[in-house]
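Take the model below from its overall build down to single residues.

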Amino acid sequence: MKPLDRILETAKAAPRHIVLAEGEDPRIVEGAVRASRAGIARITLVGDRKAVEARLAAAGAEPGEIHVEDPASSPLTPGFAAAYHALRRGKGVDEAAAGAAVRSPLVFSAMMVREGEADGTVGGAVATTADTVRAALQVIGRAPDAGLVSSFFLMMLCASHHVKKGAFVFADCGLVVDPDAAGLADIAIMSARSYEALAGKPAKVAMLSFSTAGSAAHERVSKVVEATRLAHAAAPDLVIDGELQFDTAFVEAVSAAKAPQSALHGEANVFVFPNLDAANIGYKIAQRIGGATAIGPILQGLAKPANDLSRGCNADDVFHMIAVTVVQAASG
């Protein structure tokens with residue numbers, strides 16, 4: 001089964017209620033209708049009711065097929081305002097500011113998840129990553145066992161020219177700029193768990209560097225070595241190795257030559273980059289030159305699922321991100 005097919009089948013087996021914050025965008029509407037009709041999720045679209053309903057009609061949706069919430073008139077808004085005020089008043093948010101905040105679709109959607117009205121949320125087709133992630137962090141918050149909130153891309157190698165096929169995780173490509181060793185270890189463990197939930201296979205984690213097994217000495221290499229040690233100590237069940245260059249982690253013959261003692265043997269499926277520069281550049285090279293399909297950034301470490309779309313996304317991306325969010329909610 002292809003990786004995306006597996007994610008869709010897993011979502012269909014345990015559909016959840018997903019709220020989409022940008023219900024006036026035609027890509028969101030098309031993806032939402034597809035997800036609903038595929039049976040992978042129950043959908044709520046957030047936005048101006050008339051505008052959203054016009055988009056739904058244009059997309060061929062039947063009346064009542066997709067639920068719509070308009071923060072300006074929703075019966076949920078007063079309760080959300082009170083809850084948001086209680087949550088944020090320590091940060092200087094008064095009642096009037098709380099009332100205004102929950103009328104923002106991003107905040108309203110995150111409040112639906114926080115208050116148990118939905119199981120996960122997706123935004124970012126229109127809003128920036130900064131605004132999307134800020135709403136998730138401030139409203140949904142970090143999971144109790146997560147040291148930080150990070151992100152990853154699910155990279156699909158399915159084209160005929162790909163020597164290896166399947167799903168791979170690249171982290172952190174979108175959020176944490178320069179994690180220290182403890183943060184890098186946390187990203188590695190969360191990324192491994194995310195991979196296992198989505199791909200249904202054991203994670204094999206490579207901690208990437210410009211050095212392999214001591215071939216170079218530098219403080220940046222030392223950070224990766226320490227992160228690997230911390231990850232081993234915190235999650236001894238994981239197959240994890242580092243520091244490794246990408247080819248050593250990905251190619252069996254290179255692994256045999258450069259790191260014959262590595263537990264990965266060139267078969268890593270989770271790649272943890274040392275910083276955001278390397279990770280963001282790496283996933284875009286794989287996508288634009290290598291032809292990989294990139295789904296993300298997918299957030300991890302939140303108390304409940306919230307995910308970010310690229311502003312260049314299409315309806316397929318929306319559909320797949322809904323499925324990913326459903327699987328996260330079902331496995332959480």
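A polar contact is a pair of N or O atoms within 3.5 Å; within protein, one must be able to donate a hydrogen and the other to accept it, and residues adjacent in sequence count only if both atoms are side-chain atoms. This is a predicted model, so local features need pLDDT of at least 70 and side-chain atom pairs count only at pLDDT 80 or more, while totals for chains, interfaces and linings use all residues. Residues are numbered from 1 along each chain as its sequence is written, and side-chain values use heavy atoms, with hydrogens and water left out.

Begin with the whole chain. The protein has 13 helices and 11 strands. Helices (H or I, at least four residues) and strands (E, at least two) are DSSP runs, numbered from the N terminus. Along the principal axes, the C-alpha atoms fill a box of roughly 65 × 50 × 30 Å.

Next, burial and surface. Of the 332 residues, 54% count as buried. Buried means under 20% relative accessible area, exposed means over 50%, and partly exposed lies in between (1.4 Å probe, protein chains only). The protein exposes about 14,400 Å², and carbon and sulfur atoms supply 53% of that area. Accessible areas come from the Shrake-Rupley method with a 1.4 Å probe; for residues, only the protein chains shown count as cover.

Contacts come next. Contact means heavy atoms within 4.5 Å. Among contacts between residues at least 6 apart in sequence, 71% join residues at least 24 apart.

Now go inside, to helix α6. The buried residues are Leu106, Val107, Phe108, Ser109, Ala110, Met111, Met112 and Val113. After α6 comes Gly116, with a positive phi near 80°.

Follow Phe108 to Ser74: leaving out residues up to four places away in sequence, Ser74 touches Glu69 and Phe108. Ser74 sits in the loop between β3 (67–69) and α4 (77–88). Ser74 counts as buried because its relative accessible area is 6%. A polar atom of the Ser74 side chain lies 3.0 Å from the backbone nitrogen of Leu76.

Follow Leu106 to Thr132. Setting aside neighbours within four places in sequence, Thr132 is in contact with Leu106, Gly123, Gly124, Ala127, Asn307 and Asp308. Thr132 belongs to helix α7 (residues 129–140). With a relative accessible area of 7%, Thr132 is buried. Its side chain reaches the backbone oxygen of Thr128 at 2.9 Å.

The C-alpha atoms of His232 and Ala127 are separated by 37 Å, and the two residues are 105 apart along the chain. His232 lies in helix α9 (residues 219–234). Its relative accessible area is 35%, so His232 is partly exposed. A polar atom of the His232 side chain lies 3.0 Å from the backbone oxygen of Ile240.

Turn to the backbone. The peptide bond from Gly242 to Glu243 is cis, with omega near 5°. Glu243 is part of strand β8 (residues 239–244). Another cis bond runs from Gly296 to Pro297, also with omega near 5°. Pro297 is in strand β10 (residues 293–300). His265 has a positive phi, near 55°, in a residue other than glycine. This histidine lies in the loop between α11 (252–258) and β9 (270–272). At 43% relative accessibility, His265 counts as partly exposed.

Is Gly39 buried or partly exposed? At 32% relative accessibility, Gly39 counts as partly exposed. Beyond residues up to four places away in sequence, Gly39 touches Lys12 and Pro15. The C-alpha atoms of Gly39 and Ala11, 28 residues apart along the chain, are separated by 8.3 Å.
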